[in-house]
Amino acid sequence: MGVFLITGGGSGIGAAMAAHFASRGHELWLLARDESRARELRARFPRSRTVVADLAEPGALDGALKGQALPARLDSLLHVAGVAESGRIGDVGAGVWEHTLAVNLIAPAELTRLLLPALRAARGHVVFVNSGAGVYAPPRLGAYAASKFGLKALAETLRAEEHEHGVRVTTVYPGETDTPMQVRLHEQFGLPYRPEAHMSPASVAAAVVTALDLPRDATMSDLMLRPGC
């Protein structure tokens, strides 16, 4: 039985991953931004444990995690939580940039740093759920794309630095996936939304499981996913 910690487990891809690992009987830790969300997650995944910490405040993560009974060994840390706000560069103010970079980039870096001892102890696996916007920056998503480009760099550096400790690192770049974030973005862009044109969160979760289950003599470093035909 493995030990998995997931951010963004309340909906979309994160919830699909949590459901999969829970069905396998793994020890599941879910990060929640407040106690109310933690209760919701425990109700949805009764055998899970919750960690209360707000990714929008990366500098407070160390203090928030102290005193919480975190696992000494961690088989996988899955960074799934993310935010996106549309807007042209000339219209988006500093607040949007700061919030987006905090949640999508700085918090994953800090959370990984804090959990590295547990990951090293288990020769674990870090998964960053990135985006197609992490390799191609579309218009009106500058802050989001910048955060995801940065997340790509974070993963590559971490992979190089932690190879000697046996920690594997995988970045997943999903295309359009049927998630609440995708619905909101379509609304902001004024586009019609067709769920059938998108991948399901369960399909993305299945790809992540493939990377995690790979024998230890190999690492799936980057995984590109696009909606099928």
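1. Ser147 touches Thr100, Leu101, Asn104 and Leu105, leaving aside residues up to four places away in sequence. Contact here means heavy atoms within 4.5 Å. This is a predicted model: local features need pLDDT of at least 70, side-chain atom pairs count only at pLDDT 80 or more, and totals for chains, interfaces and linings use all residues. Residues are numbered from 1 along each chain as its sequence is written, and side-chain values use heavy atoms, with hydrogens and water left out.

2. Ser147 sits in helix H5 (residues 142-162). Its relative accessible area is 0%, so Ser147 is buried (under 20%, with a 1.4 Å probe and protein chains only). A polar atom of the Ser147 side chain lies 2.6 Å from the backbone oxygen of Tyr144.

3. The largest pocket holds about 1200 Å³ of space. A pocket is an open set of points on a 1 Å grid over the protein atoms alone, where a 1.4 Å probe fits, with protein on both sides within 12 Å along at least five of seven lines; lining residues have an atom within 4 Å of a point. Of its 49 lining residues, Gly82, Val83, Thr179, Met181 and Arg184 are the closest to the centre. H6 gives the most to this lining, with 8 residues.

4. The lining of the largest pocket divides into 24 nonpolar, 17 polar and 8 charged residues. Gly counts as polar; Asp, Glu, Lys and Arg count as charged; Ala, Val, Leu, Ile, Met, Phe, Trp, Tyr, Cys and Pro count as nonpolar.

5. The second largest pocket has a volume of about 220 Å³. Its lining divides into 5 nonpolar, 5 polar and 6 charged residues.

Conventions
Helix = DSSP H or I, 4+ residues; strand = E, 2+ residues; numbered from the N terminus. Buried < 20%, exposed > 50% of the residue type's maximum accessible area, 1.4 Å probe, protein only. Polar contact = N/O pair within 3.5 Å; in protein donor to acceptor, adjacent residues only side chain to side chain. Points joined across faces, edges and corners; volume = space filled by probe spheres on them.
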